[in-house]
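Thank you for making time this morning. I would like to walk you through one structure, starting inside it and ending at its surface.

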Amino acid sequence: MEQILTIGFAVAILQATLRTTAPLLLAALGGTLSENSGVLCIGMEGIMIMGAFAGFLGALFTGSLWLGILTAGLLGALTALIYGYLTIRVGGSQAVVGTATVLFAYGITGFFNRVIFGVDSAMTRIETFKEIPLPVLSEIPVLGPILFTQNILVYLSFLLVPAIWYLLYKTSFGLIIRSVGEHPRAADTVGIPVNRVRFLMVLLSGFLGGIGGAYLSLAHANVFSELMTAEKGYIAFVIVIFGKYNPLGVMLAALVFGVAEALQIRLQIIGVEVAYQFLLMLPYVVTLAVMIAAGKTISPGALGAPYKKN
């Protein structure tokens, strides 16, 4: 118990919180773009596992972590393109197609993982993104190790928050995005290509979600394992709702889940006398608690509804 009360323990938890928040934040920011345009990001779990697998393979075969990230983003975007075609163009149920996307992604990544690496062989490992202490800032007591001693993907994920907020709320294109999510018929009458805008946001959502998945295999771990996303895509979906579709709110919501994840990992490391299964439950218990506490959230008016011209 004394270990838990030390400043060092608190610093370690907060530093780990940013690392565990990053993949959730990347996926949730992508979902924020998609849902503001009126398309549910319920297939994000599938996009993330595709990104984790593609990123690992890309980095392994090219020897470049950044090419792995690019590969993950592109495959995530391709997965989102299929989802977008079936929901935006064909008009299929976004909940049903999203669930099918997740099942398809689980199946195809598991299949090719076994084809490429075998079933019984030891896991193939690669180098991962390393921490980059920022000059001067990383030397600040307490805050330095927490905020300024992270890997590059953590920095980028948090820098995207103000960038996407500015896009949505301070630019004319952001107004267009939100208008097709709120009143697509009205947007169409003034010449806005509703479905084209939605397609673009879904593709960007897939790109960011794929990178969020790649974070797990290229920064959080140095291996790929089947189902390694562990429902983080669904948590990202909840984060978008809890964050009220606003990038700033999404960041705060992601931090709530990040600290729960970091805490359960750290408690296992120090050997708290609690069954590890209960500790593993912590992030999901937080998910349920957050959904209950959030209550009714006002979503974009046309969220989940396909748009077709008369």
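**From the inside outwards**

Let me begin with helix α10, residues 232–242, which is mostly covered, since nine of its 11 residues are buried; buried here means under 20% relative accessible area, exposed means over 50%, and partly exposed is in between, with a 1.4 Å probe and protein chains only. Helices are DSSP runs of H or I with at least four residues, strands are runs of E with at least two, and both are numbered from the N terminus. Before I go further, please keep in mind that this is a predicted model, in which local features need pLDDT of at least 70 and side-chain atom pairs count only at pLDDT 80 or more, while totals for chains, interfaces and linings use all residues. Residues are numbered from 1 along each chain as its sequence is written, and side-chain values use heavy atoms, with hydrogens and water left out.

The buried residues of α10 include I235, F237 and I239, and just after this helix K244 takes a positive phi of about 55 degrees.

If we leave out residues up to four places away in sequence, F257 touches L24, I235, V238, I239, P283, V286, T287 and V290, where contact means heavy atoms within 4.5 Å.

In helix α7, residues 172–182, the buried residues are G174, I177, S179, V180 and G181, and their cover includes α1, α6, α8 and α9. Helix α6 also holds S157, which is buried with a relative accessible area of 0%. A polar atom of the S157 side chain lies 2.8 Å from the backbone oxygen of V154, and beyond its neighbours within four places in sequence S157 is in contact with A22, L25, L26 and L29.

Turning to charge, how many salt bridges does a search of the whole structure find? The search finds four, a salt bridge being a side-chain nitrogen of Lys or Arg within 4 Å of a carboxyl oxygen of Asp or Glu. In one of them, R19 pairs with E131, with the closest N and O atoms 3.5 Å apart; because R19 lies in helix α1 and E131 in strand β1, the pair ties together parts that are 112 residues apart in sequence. R19 is partly exposed at 22% relative accessible area, and E131 is partly exposed at 43%.

E261 and K232 form another salt bridge, at 3.9 Å between the closest N and O atoms, and here E261 and K232 are both buried. E261 lies in helix α11 and K232 in helix α10, so this pair ties together parts that are 29 residues apart in sequence.

Finally, at the surface, L78, L81, I82, Y85, L86 and V90 form a nonpolar patch with about 520 Å² of accessible area together. Patches are made of residues with over 30% relative accessible area and no salt bridge, with like charges joined within 9 Å and nonpolar side chains (Val, Leu, Ile, Met, Phe, Trp, Tyr) within 5 Å; areas come from the Shrake-Rupley method with a 1.4 Å probe, and for residues only the protein chains shown count as cover. One member, L86, lies in helix α3 and counts as partly exposed because its relative accessibility is 35%.

Terms used: A polar contact is a pair of N or O atoms within 3.5 Å; within protein, one must be able to donate a hydrogen and the other to accept it, and residues adjacent in sequence count only if both atoms are side-chain atoms.
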